[in-house]
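Dear colleague,

Please find below the structure that I am handing over to you. My findings follow it.

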Amino acid sequence: MTSIAVIGAGLAGSIAAHSLQTSAKVTVFEKSGRAGGRMSTRRVESYSFNHGAQFFTARDPEFKDFLKPYIDQNIVTQWNPRITTLDPLDRPFKRIWYEPHYVGTQGMSALAGSLAENLDVRYRCEIASLKSIGKKWQLQDTEHNDYGEFDWVISAIPSAQALNILSSKLQQHAEIADVVFSPCFSLMLGLKNKPALGFDAAVVKNSSISWLAQTHSEQANSYGLVIHSNNAWAKTHIDDEKELLQEQLFASAQQLLNNSLQDVQYAALHRWLYAKVETSAQQDYLIDRENRLAVCGEWCRGNRVEDAFLSGFKLAEFLKTQL
Ligand SMILES: Cc1cc2nc3c(=O)[nH]c(=O)nc-3n(C[C@H](O)[C@H](O)[C@H](O)COP(=O)(O)OP(=O)(O)OC[C@H]3O[C@@H](n4cnc5c(N)ncnc54)[C@H](O)[C@@H]3O)c2cc1C
């Protein structure tokens, strides 16, 4: 049976591995301790924060079909927040969503997590390099451990990280180098009491903040807030001290919310270097058949969760015809 290594257990890598496992022996390598990637959920004390992707839409029929059983099993659910627009220079106004928006019922990582349950995933294994051995690839992690030999390698990680590993081994490396991401800071606040905001989520204009969303855990009766910086602000402050940025984002939030954030019990800032794809590779995936290397991820085709799914899914469908 053909052996395939998939680097990265975000949605793109998880769906590619899931689709291929009927046709090949698939092993997934994931640097963190769980699947989900940027569809991530941080659980700390009694709080739970979706500090990466906030929700996703499903426009493509293949993605809609894929989601159906997950919606039936209540792993994914439609999200209907009270959503508003906040602007320090203007009055707030209610937003209307014209299409369904979805979230993981127990957190955004649930979808990839559910796929990964039936996959052979090696967690806490950060792949650093590939070595060509005859017609096979050998993977090596950052601790210089080797992980057997594979016929194919699929990279399902952000473009710059993919280049670090594949670099000139992949014929299309120049197309990957043209992809542009912008960063984002995510401030997570755990609160003792539910703030009286009058909305569940807000799009923010004319501020260092671009998005605010409340989280609420029924079991723990705890309230949290996720605050995303805007991408341009994050780019300007990318190497600033975290404590300073945390203070600045908190001050902007208090200004927007009329100082309604009281009794903050937990605060943490996360820096996302690869938050929003500004320039994609404008392809579903990249494949180098001669060298048996392939690349998927949302950045191949767009900047959303649905793009990650379609990139990984379409790559797997094509690869199955080549095995
Ligand atoms: C702050 C933020 C907000 C967002 N908001 C939204 C939103 O509201 N709606 C939306 O549709 N999209 C949103 N997105 C984008 C969405 O999260 C991504 O498009 C999608 O999750 C990308 O999935 P992926 O599988 O391509 O990559 P990732 O999710 O990045 O998966 C890559 C995986 O590879 C692992 N990895 C990386 N390097 C290695 C290595 N060397 N070895 C092993 N493993 C490795 C990582 O740990 C990760 O698990 C947001 C992203 C961010 C950061």
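In strand S2, Lys25 is the bridge partner of Ser3. Strand S1 (residues 3-7) and strand S2 (residues 25-29) run parallel and are joined by 5 bridges. Strands here are DSSP E runs of at least two residues, and helices are H or I runs of at least four, each numbered from the N terminus; two strands pair if DSSP finds at least two bridges between them.

Two remarks on the source are needed. The model is predicted, so that local features need pLDDT of at least 70 and side-chain atom pairs count only at pLDDT 80 or more, whereas totals for chains, interfaces and linings use all residues. Residues are numbered from 1 along each chain as its sequence is written, and side-chain values use heavy atoms, with hydrogens and water left out.

S1 and S2 belong to an open sheet of 6 strands with mixed pairing, in the order S9-S2-S1-S13-S20-S19. Strand S9 (121-122) and strand S19 (286-288) are at its edges with a single partner strand each, so one side of each has no neighbour in the sheet.

Elsewhere, strand S11 (residues 136-141) pairs with strand S12 (residues 146-150) in the antiparallel sense over 3 bridges. Trp137 has Phe150 in S12 as its bridge partner. The two strands form a hairpin with 4 residues between them, and His144 in the turn has a positive phi of about 70°.

As to the interior, 53% of the 323 residues of the chain count as buried, that is, under 20% relative accessible area with a 1.4 Å probe, protein chains only. The largest nonpolar core has 52 residues, and Phe56, Phe66, Leu67 and Ile154 have the most contacts inside it. Such a core is a set of buried Ala, Val, Leu, Ile, Met, Phe, Trp, Tyr and Cys residues joined through side-chain atoms within 4.5 Å. Helix H9 (residues 305-322) gives the most to this core, with 8 residues. A second, separate core of 25 residues includes Ile157, Ile176, Phe181 and Ala281.

Leaving aside neighbours within four places in sequence, Phe56 is in contact (heavy atoms within 4.5 Å) with residues including Met39, Leu67, Tyr102 and Val305. Val305 is among the buried residues of H9, as are Phe309, Phe313 and Leu319.

Overall, the chain has 9 helices and 20 strands. The C-alpha atoms fill a box of roughly 65 × 45 × 35 Å, taken along the principal axes.

Yours sincerely

Conventions
Buried means under 20% relative accessible area, exposed over 50%, partly exposed in between (1.4 Å probe, protein chains only).
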